[in-house]
Amino acid sequence: MTDRPAGHTESRATTSRTASRPYRVCFVCTGNICRSPIAESVFRARLTEAGFDSAVTVDSAGVDGWHEGDGADARAVAVLDAHGYPVDHTARRFRAAWFPLLDLVIALDEGHLRELRRLAPTPADAAKVRLLRSYDPTAGPPGISSDDPATGADGALDVPDPYYGDSAGFEECLRMVEEASEGLLTAVREAIQETE
């Protein structure tokens, strides 16, 4: 276990992205055993397919530490495996000290969004937190703007927690993550190009 996001190599004083270091994305759910490991695995695969895997570091964590040190939920591993996504995961809790080291913090639901923004040490750090499904142009009811990745409305952009359900909930989670990943990839690509 580490107290730093994956791919960290420079001092804690680093607060802004430069072209000389990878762009850093961290997916966050509740316990870091279901939704965020699925999102991490899917997005890592999308980056590899797009040839951006050396430019972006992907990680995940939970807002709570209940499962810290555990592997991903067996149902999450099964759905990822069934769809060809590799997963090698150890759950950990998100730390407020990571904010300066990250470029984008992706919340899987509005509860996570609120908690992460509460943890953020500065307004600039709070602005790094976005909802995953806000990157899916087809998500949410009419009137929910997916071009503002900061907010949703009444859970419309949540990825529901599949933990208390059956494998169908994990399949639905994967579907939602996959649908949002293309838009997220586009946003990350644009952010990287802005610093080059």
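User: Leaving aside neighbours within four places in sequence, which residues is Leu184 in contact with?

Analyst: Leu184 is in contact with Phe27, Phe43, Leu104, Ile106, Leu132 and Tyr135. Contact means heavy atoms within 4.5 Å. This is a predicted model, in which local features need pLDDT of at least 70 and side-chain atom pairs count only at pLDDT 80 or more, while totals for chains, interfaces and linings use all residues. Residues are numbered from 1 along each chain as its sequence is written, and side-chain values use heavy atoms, with hydrogens and water left out.

User: What makes the set with Leu184 and Val188 a nonpolar core?

Analyst: The term denotes buried Ala, Val, Leu, Ile, Met, Phe, Trp, Tyr and Cys residues joined through side-chain atoms within 4.5 Å. Buried means under 20% relative accessible area, exposed over 50%, and partly exposed in between, with a 1.4 Å probe and protein chains only. The largest such core has 37 residues, and Val25, Phe27, Ile38, Phe43, Leu132, Leu184 and Val188 have the most contacts inside it. At least two of its residues come from each of strand 1 (23-29), helix 1 (35-50), strand 2 (56-62), helix 2 (74-82), strand 3 (104-107) and helix 5 (167-195). Helices (H or I, at least four residues) and strands (E, at least two) are DSSP runs numbered from the N terminus. Helix 5 gives the largest share, 11 residues.

User: Why is helix 1 called largely enclosed?

Analyst: Of its 16 residues, 12 are buried, so helix 1 is largely enclosed by the rest of the structure. Among them are Arg35, Glu40 and Arg46. The buried residues pack against strand 1, strand 2, helix 2, helix 3 and helix 5.

User: Why are strand 2 and strand 4 called edge strands?

Analyst: Two strands pair if DSSP finds at least two bridges between them. The open sheet of 4 strands has the order 2-1-3-4, with parallel pairing. Strand 2 and strand 4 (129-131) each pair on one side only.

User: What makes strand 3 and strand 4 a pair?

Analyst: They are joined by 3 bridges, and the criterion asks for at least two. The two strands run parallel, and Ile106 stands opposite Arg130 in strand 4.
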